[in-house]
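Here is a short briefing on one protein chain. Look over the sequence and the model, then read the points below.

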Amino acid sequence: MKRAVRLFSRLLVPAAAAALFFTACARYQSPLRIGMDIWPPYGLFYLAQQKGFFADEGVEVKLFDFWAISDVRRAFETGKLDGVATTLVEVLMARDASPRDLRAVRLIDFSNGADVILARREIDSMQDLRGKRIGVEPASLNTYVLVRALEKAGMQPSDVVAVPKEPRTMCDELLAGQLDAVVTYPPESARVLADPRFHAVFSSRDIPGEIVDVLALDARVLRERPREVAAMLRALDRACDYLRENPEEALRVMADRAGMPLEEFSLALGSGIELVAPSEQGAYFGPDKKLQTVADNIARILRAAGLLSGRPGVADCVSLPP
């Protein structure tokens, strides 16, 4: 009998260990995978990571940087990301092109002058770009900015020669005299504007409230992992608070991530970008549905420009944060 008990015990221990192992595996959640381009406000995610705010809130977040906005969207559409920090334009385009249900859960900032069309100094206005070569990232926010700038100037897309380019490449070619203008944003815009041969002929200040950056997540992630999403949002709130209370240190972390000198980064963040504080989020996601109104207006413009289909529900992209 004793021998039988000992044998049973030896069998039970490995079985119990295996059960614990598989239980642990069942509880394990992979990191929330968030992609973004090098837009200055997205440095808040890296600030939250470096200061340990994600860890403190009990959530693992893996951040992925891309140079091109469209690359971020494609990575989400192909299932490589759980969410993105991007513009509402990209959210709508992703919803239109992919079966994944991308939904905005946090408003990060408004671009009020940071997205620009830069041209050679002798080009005084958008009208002077008629027939000229303009570098633009295709099927992205940059296309939207160009369409709106042309509309404001009473022009048509056919009045200019849009040259599809990646952000860094187009600015290199503008500086080298191979393009007449580019549609761009920091940090690349700062690099071009440091050269006195170039200036802005249009900016997002001319279309206030239209260029909006958000954190958007797959609806399935929102349904299945609400606690992790809520923890990530709390960590971002803490990063915003840290930036307000410790601006010099926070800006240094964010500038390093963008690969920009501190002074240049601070100027970009402070002169054309309006960050939305944690205390202001409710106004955009609450009963007034202010963010959904912005999305509806953007969708209308995108459809009119042929950049978005008429598929029902594409503009319904805002969800209450968990």
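A nonpolar core is a set of buried Ala, Val, Leu, Ile, Met, Phe, Trp, Tyr and Cys residues joined through side-chain atoms within 4.5 Å. Buried means under 20% relative accessible area, exposed over 50%, and partly exposed in between (1.4 Å probe, protein chains only). The model is predicted: local features need pLDDT of at least 70, side-chain atom pairs count only at pLDDT 80 or more, and totals for chains, interfaces and linings use all residues. Residues are numbered from 1 along each chain as its sequence is written, and side-chain values use heavy atoms, with hydrogens and water left out.

**Overall build**

- The chain has 14 helices and 11 strands; these are DSSP runs numbered from the N terminus, helices (H or I) of at least four residues and strands (E) of at least two.
- Its C-alpha atoms fill a box of roughly 100 × 45 × 40 Å along the principal axes.
- Of the 322 residues, 52% are buried.
- Contact means heavy atoms within 4.5 Å. Among contacts between residues at least 6 apart in sequence, 78% join residues at least 24 apart.
- There are 41 positive and 44 negative side chains, and the centres of the two sets lie 10 Å apart. Lys and Arg count as positive, Asp and Glu as negative, with His and the chain ends not counted. Each charge is placed at NZ of Lys, CZ of Arg, CG of Asp or CD of Glu.

**Nonpolar cores**

- The largest nonpolar core holds 103 residues, of which Phe 45, Leu 88, Ile 117, Met 126, Leu 129 and Leu 291 touch the most other members.
- Helix H10 (residues 226–245) gives the most to this core, with 10 residues.
- Another core, of 10 residues, lies apart from it; Val 116, Val 182, Val 192 and Phe 198 are among its members.
- In soluble globular proteins, nonpolar side chains tend to be buried together.

**Helix H5 and Leu 88**

- Helix H5 (residues 88–97) is largely enclosed by the rest of the structure, because eight of its 10 residues are buried.
- The buried residues of H5 include Leu 88, Glu 90, Met 93 and Arg 95.
- Their cover includes helix H4 (69–77), strand E3 (83–87), E4, helix H6 (141–152), strand E10 (212–218) and helix H14 (290–304).
- Beyond four places in sequence, Leu 88 touches residues including Ala 104, Val 212, Val 214, Leu 291 and Cys 317.

**Arg 106**

- Arg 106 sits in strand E4 (residues 102–111).
- Arg 106 is buried, at a relative accessible area of 6%.
- Its side chain makes a polar contact of 2.6 Å with that of Asp 237. A polar contact is a pair of N or O atoms within 3.5 Å; within protein, one must be able to donate a hydrogen and the other to accept it, and residues adjacent in sequence count only if both atoms are side-chain atoms.

**Backbone points to check**

- The Pro 186 to Pro 187 peptide bond is cis, with omega near 5°. Pro 187 lies in the loop between strand E8 (181–184) and helix H8 (188–193).
- Ala 139, a residue other than glycine, has a positive phi near 50°. Ala 139 lies in the loop between strand E6 (133–136) and H6, and is partly exposed at 38% relative accessible area.
- Lys 289 has a positive phi near 55°. Lys 289 lies in the loop between helix H13 (281–285) and H14, and is exposed at 54%.
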